[in-house]
Amino acid sequence: MTRHYIIPIFVPHYGCPHDCVFCNQKKITGLSTSVRAKDVDEIIREHLLTFKNPGTIEVAFFGGSFTAIDIEVQKELLAIPVKYKKSKKINKIRLSTRPDSIDIEILKMLKDNLVDTIELGVQSLDDDVLKKSGRGHSASDLYKAAKLIKEHDINLGLQMMIGLPGDSKEKSIHTCREFIKLNPFCVRIYPTLVIKETFLENEYLENRYKPISLKEAVEISSIILMMFMINNIDVIRIGLQPTDSIQLGKDVVAGPFHPAFRQLVESDIYLKLIKTYFAREKLQTENKNLLIEGNNKIISFISGQKSSNRKYLMNKYKFNKIKILEKDIDLNKINIIIDEHSSTINIKDMMKLYLNRSH
């Protein structure tokens with residue numbers, strides 16, 4: 001499998017016309033200085049020196065609303081990765097921006113500058129949530145921007161947040177369903193965290209905002225991730241990237257932060273699927289032995305963080321013994337063996353069954 005390297009270039013608050021209630025880009029990126037072409041060139045050169053194995057190399061502009069920057073500055077910044085792409089030292093260029101900062105003129109310029117992927121920070125497709133979050137755009141702006149991006153043959157990435165002011169499980173699932181209709185190239189899912197020096201911190205300290213719990217965030221994210229997976233949409237990140245400062249007790253004041261949030265979500269999915277299978281088959285489990293076999297890439301998720309799934313199954317179903325072992329089988333399958341009973345489960349089929357029963 002080819003390695004995919006990302007060269008991240010943070011442009012904090014560059015071009016962003018709004019201060020969303022949850023946002024402090026200086027805290028999130030760890031940067032506050034202006035970024036110019038010479039900085040971009042230096043960042044790319046330094047990263048290229050560290051890549052030992054051949055693979056896909058992508059320059060990604062993160063942190064601000066790239067296409068809200070003055071268009072001449074956009075061209076100046078993009079000219080550097082374009083130079084490296086033309087010389088075949090990098091393969092792709094990506095940027096993130098707001099749905100209301102996309103138009104035909106900008107897309108023509110981005111296409112001319114060899115941009116491969118545009119990620120839109122949508123966050124929610126509920127207008128009340130967007131208003132309460134200070135986003136400054138409506139849900140309709142996303143549909144217009146997504147249509148234009150696809151018409152210009154640029155990959156569409158979408159970012160959503162759960163637990164924003166006014167949000168709910170049902171509203172997050174609605175956003176997910178609308179994302180699926182747009183068939184994006186990739187998606188990111190972020191639980192809302194209360195970051196220092198944001199409007200949301202004030203709301204939290206004044207008891208006007210209550211973040212969702214870690215348990216709630218995992219529950220909602222696992223449902224959303226299953227919905228994307230059964231529709232073959234690549235979820236490239238779940239949860240904010242931990243850094244030295246992005247930790248509870250440091251710049252994260254409150255909220256469902258966990259350094260291995262995605263692992264919690266994927267583990268929750270496998271527990272849901274195994275429970276759904278047991279319920280469907282009406283299996284006798286007490287005092288029996290359970291063996292679960294799966295591909296080595298998913299075995300830790302089946303077991304759960306610190307063997308949490310294994311412990312749960314042991315207590316709930318009264319097994320005598322549980323083993324979870326690696327086996328060279330398809331990633332989309334797991335084997336379940338309970339004494340004389342043996343079955344192979346198709347993971348996506350079981351996801352569909354769970355979602356149909358629950359949602």
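Ala, Val, Leu, Ile, Met, Phe, Trp, Tyr, Cys and Pro are counted here as nonpolar, Asp, Glu, Lys and Arg as charged, and the others, Gly among them, as polar. The structure is a predicted model, in which local features need pLDDT of at least 70 and side-chain atom pairs count only at pLDDT 80 or more, while totals for chains, interfaces and linings use all residues. Residues are numbered from 1 along each chain as its sequence is written, and side-chain values use heavy atoms, with hydrogens and water left out.

On a 1 Å grid over the protein atoms alone, a cavity is a set of points where a 1.4 Å probe fits but cannot get out, whereas a pocket is an open set with protein on both sides within 12 Å along at least five of seven lines; lining residues have an atom within 4 Å of a point. Grid points are joined across faces, edges and corners, and a volume is the space filled by probe spheres set on the points.

The second largest pocket has a volume of about 210 Å³. Its lining is made up of Lys215, Val218, Glu219, Leu264, Ser267, Asp268, Leu271, Lys272, Gln305, Ser308 and Asn309. Two or more of these residues come from each of α9 (214-230), α10 (261-281) and α12 (308-317), where helices (H or I, at least four residues) and strands (E, at least two) are DSSP runs numbered from the N terminus. Helix α10 provides the largest share, 5 residues. By class, the lining holds 3 nonpolar, 4 polar and 4 charged residues.

Helix α10 itself has 21 residues and spans 31 Å from its first C-alpha to its last, close to the 30 Å expected at 1.5 Å a residue (the expected span being 1.5 Å times one less than the number of residues). Of the 21 residues in α10, 15 are buried, with buried meaning under 20% relative accessible area, exposed over 50%, and partly exposed in between (1.4 Å probe, protein chains only). Lys282 follows α10 and has a positive phi, near 50°. In the loop between α10 and β10 (289-294) sits Asn287, which has a positive phi of about 65° although it is not a glycine. Asn287 counts as exposed because its relative accessibility is 60%.

Attention now turns to strand β6 (residues 186-191), in which 6 of 6 residues are buried. Cys186, Arg188 and Tyr190 are buried on one side, as are Val187, Ile189 and Pro191 on the other. Strand β5 (residues 155-162) runs parallel to β6 and is joined to it by 6 bridges; two strands pair if DSSP finds at least two bridges between them. Met161 has Tyr190 as its bridge partner in β6. β6 also pairs in the parallel sense with β8 (residues 234-238), over 4 bridges, and here Arg188 stands opposite Arg237.

Helix α7 (169-182) contains Cys176, which counts as buried because its relative accessibility is 0%.

The search of the whole structure finds 1 cavity of 30 Å³ or more. The largest cavity holds about 50 Å³ of space, and its lining includes Pro191, Leu193 and Phe261. That lining divides into 6 nonpolar and 2 polar residues, with no charged ones.
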